[in-house]
Amino acid sequence: MSEKKIMLGNEAIARGIWEAGAKVSSAYPGTPSTEISEFLATYEEVYAEWAPNEKVALEVAAGASIAGVRAVASMKHVGLNVASDPLYTLAYTGVNGGLVIVVADDPGIASSQNEQDTRMIARSTHLPVLEPADSQEAKDFISLAFEISEKYDTPVIFRTTTKLSHSQSIVALGERREIEDKEYERNAKKYVMMPANAIQRHKFVEERENKLAKEACAFSINRVEGEESEIGFITSGIAYQYVKEVFPKAKILKLGLVNPLPKQLIKEFINSVKRTVVVEELEPVIEEQIRAWGYAVDGKNLFTVQGEYNANMLKKAICGENNDGVAPKITPARPPILCSGCPHRAVFSVLNKLKIHASGDIGCYTLGAVAPLNVIDTCICMGSSVSGLHGIGKAKGDEFLKNWVAVIGDSTFLHTGINSLLNMVYNKAHGVVIILDNRTTGMTGHQDHPATGKTLKGEETYAVDFVALCKAIGVEDTVEINAFDVSALEEKLKATLGKQTLTVIVARAPCALLKGQKFPYYCTVEEEKCRHCNACMKIGCPAISKENGVIKINLAACNGCGLCQSYCKFNAIKKVER
Amino acid sequence: MNVMIVGVGGQGTLLTSRIIGKVALEGGYDVKISEVHGMAQRGGSVVTFVRFGESVSEPVVEENGADLLIAFEKLEAYRYAHYLKKDGILVVNDCRIDPMTVTIGAAEYPENIIEELQNGHTVYALNAETAAKTLGNSKVVNSIMLGKAARYMPFEKEKWLQAVKETVPQKTVELNEQAFLLGYGE
């Protein structure tokens with residue numbers, strides 16, 4: 001009997017990639033996909049890396065596939081937007097070694113900016129999509145994805161969702177299969193996508209999808225289970241678990257391949273039950289196709305396109321049963337906040353003081369949008385802070401811009417912010433861009449990037465110098481300032497805002513949660529000196545609170561950064577050695 | 001059995017759910033654990049679920065569905081108390097961490113949370129911070145909470161100690177074992 005282990009969905013995906021004999025993986029971190037690469041990095045036989053963005057990651061994996069090995073790119077749903085340029089055309093070229101693109105959707109928006117459905121992109125690219133329902137399938141379906149990729153000459157999308165990626169369930173482990181490298185043969189008709197070749201490949205794409213749709217009817221991952229029942233369910237992925245929870249014995253068509261749909265199998269299933277309900281989170285991708293075939297199935301007439309589903313929701317929608325529990329108590333919200341000792345807080349405290357608006361970006365620092373800092377005005381997508389500021393400047397001119405900056409994290413800047421800065425230089429823009437350089441990819445849990453000097457596998461490598469980089473592309477006024485040096489930051493901002501120059505401030509200090517970043521002291525309030533002006537409360541530090549009118553600093557929570565001390569006019573806060 | 005663990009991001013709820021999952025797996029059960037990663041971890045309200053039994057489908061516990069609610073902070077106990085079944089048990093750390101909404105004066109921290117929860121639930125409260133201080137280390141709060149909660153799950157003490165030993169960092173094994181036993185009541 002094989003060893004059984006309880007595994008996170010993402011850990012099981014990594015295990016599946018290893019067992020399938022894959023050799024190359026490239027990715028950019030993004031919740032809920034990040035742990036796939038972190039677990040992969042522990043397997044010697046797989047070359048695994050962080051790329052600066054998802055487009056680069058997919059192209060790396062495509063290169064490896066064309067060269068003849070099994071390769072993977074993994075990303076979150078919005079990362080696929082960045083990678084969609086290569087994706088659409090790789091659908092035409094097909095593969096040599098198997099190519100699997102793992103995409104993690106985020107229904108419920110646990111840690112994203114939207115809840116788009118990757119299956120919609122799969123439909124428009126005509127790529128197959130596999131979707132597992134637990135960690136065991138997450139591991140097993142990966143091998144299958146590679147087999148389909150090679151057999152049908154197509155990249156395969158492997159779709160997971162937050163609940164699958166971040167749930168643990170039991171997995172029976174397998175061994176790694178060593179897959180022999182394929183020969184590389186020059187084949188311009190297949191890999192050089194200029195019009196004459198692309199026209200021919202597009203024909204192939206259509207034939208391939210039709211063939212797969214037909215043959216998928218016999219795939220064991222598209223299976224009918226359960227007894228005869230009034231209602232038959234068509235479902236896939238984590239939604240299958242909710243159906244099983246409420247209707248453990250019902251007749252279910254569980255789809256493992258959700259694009260293209262196995263039409264004949266679905267028709268037979270619908271004809272075998274009195275009523276069919278399609279249960280799928282997010283978009284009605286399965287339902288609408290079935291309806292287009294002329295079947296009146298239930299689906300989004302019962303359920304929403306928003307958020308995650310659950311068993312109670314199904315009970316209510318299908319059986320009309322309400323949960324008879326008690327109502328939730330009214331409680332003060334506890335939203336996520338910047339950690340104590342976070343260098344972003346120092347920068348934001350200056351922006352707040354000077355009443356400056358910030359064109360924001362994706363990362364922990366998006367939390368600067370909430371009270372009491374309230375400095376972030378916009379957050380759209382990776383890199384958009386810099387180009388957004390540029391647009392604001394071109395629209396309203398220098399006078400308007402004097403109250404604006406762009407803020408972008410180090411990893412985000414290298415992801416896609418750099419192109420936006422190039423555009424500002426090229427098009428003679430004015431303005432101030434602050435790179436919040438905390439020496440890591442923070443929000444996703446500390447991943448390295450091209451400026452940290454470490455690879456995913458932990459090897460030493462070249463570290464990009466932001467000041468030299470920005471100067472090299474034409475931002476002569478680029479300076480580095482310690483993020484906690486609030487007076488230097490204030491001075492520089494006052495000297496440059498509203499001027500006809502383009503300035504980059506690299507506000508640098510390591511993330512407070514990085515190992516070894518705790519300062520060697522903590523801060524404490526000298527009550528006799530405190531005038532209760534609340535200046536220290538305005539920085540929104542979770543270590544500072546007021547009890548019975550007295551300001552207190554929680555020693556265990558204090559990181560010792562001393563930012564509160566910088567804002568105390570009465571010298572009532574002192575640093576004490578730990 | 002449906003177990004729910006709630007707290008504030010950074011309190012170590014994830015490790016606790018993983019230990020429970022490990023013990024349940026060794027006990028021969030089907031197990032599912034649902035975790036929270038990413039933005040919500042940054043000091044926000046954090047929820048994890050562990051379900052074990054003959055066969056488990058849904059990875060989460062729903063309202064009115066928890067047999068055991070382990071709360072690392074009392075406001076979080078209050079926030080999620082409606083997830084408890086009528087005869088469910090609440091193990092709560094009698095500690096207060098103000099959310100930012102309270103710190104900036106936009107909301108008030110509710111008074112008498114534990115007393116109110118006792119009215120309608122079986123509640124076992126302890127102050128794990130104070131207990132941790134007797135061991136001289138504030139970082140073992142989660143092992144103390146686990147020890148207290150372990151009394152209400154169907155596994156033997158030795159199985160728990162084994163799982164703690166295999167899960168916590170090597171250097172802290174002895175300390176965490178002591179903390180577990182302190183919570184367990186031995």
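The model is predicted, so local features need pLDDT of at least 70 and side-chain atom pairs pLDDT 80 or more, while totals for chains, interfaces and linings use all residues. Residues are numbered from 1 along each chain as its sequence is written, chains are lettered from A and ligands numbered from 1 in the order written, and side-chain values use heavy atoms, leaving out hydrogens and water.

Back to the cysteines. Searching the whole structure turns up zero disulfides over all chains (a disulfide being a pair of cysteine sulfur atoms within 2.5 Å). For Cys536(A), the nearest cysteine sulfur belongs to Cys530(A), 6.4 Å away. Cys95(B) is buried too, at 8% relative accessibility. Its closest cysteine sulfur, in Cys541(A), sits 17 Å off, which is too far for a bond.

Chain A also holds an open sheet of four strands in the order 9-11-10-13, with mixed pairing. Strands and helices here are DSSP runs numbered from the N terminus (strands E, at least two residues; helices H or I, at least four), and two strands pair if DSSP finds at least two bridges between them. Strand 9 (223-225) and strand 13 (275-279) of chain A form the edges, each pairing on one side only. From one strand to the next, the twist averages 20°. Helix 11 (residues 237-246) of chain A packs on this sheet, touching strands 9, 10, 11 and 13 of chain A (contact means heavy atoms within 4.5 Å). Helix 12 (residues 263-272) of chain A also packs on the sheet and touches strands 9, 10, 11 and 13 of chain A. Antiparallel strands 9 and 11 of chain A are joined by three bridges, and Arg223(A) has Lys254(A) as its bridge partner.

As for the nonpolar cores (buried Ala, Val, Leu, Ile, Met, Phe, Trp, Tyr and Cys joined through side-chain atoms within 4.5 Å), the largest has 71 residues, with Leu421(A) and Phe348(A) among those with the most contacts inside it. Leu421(A) touches residues including Val386(A), Phe413(A) and Val504(A). A second, separate core of 57 residues includes Ala12(A) and Ile221(A).

Finally, Thr496(A) lies in helix 19 (residues 486-496) of chain A and is buried, at 7% relative accessibility. A polar atom of the Thr496(A) side chain lies 2.7 Å from the backbone oxygen of Lys492(A).

Methods
Axes are lines fitted to C-alpha atoms, for helices over the stretch in contact, and angles run from 0 to 180 degrees between N-to-C directions. Buried means under 20% relative accessible area, exposed over 50%, partly exposed in between (1.4 Å probe, protein chains only). A polar contact is a pair of N or O atoms within 3.5 Å; within protein, one must be able to donate a hydrogen and the other to accept it, and residues adjacent in sequence count only if both atoms are side-chain atoms. Lists of a residue's contacts leave out its neighbours within four places in sequence.
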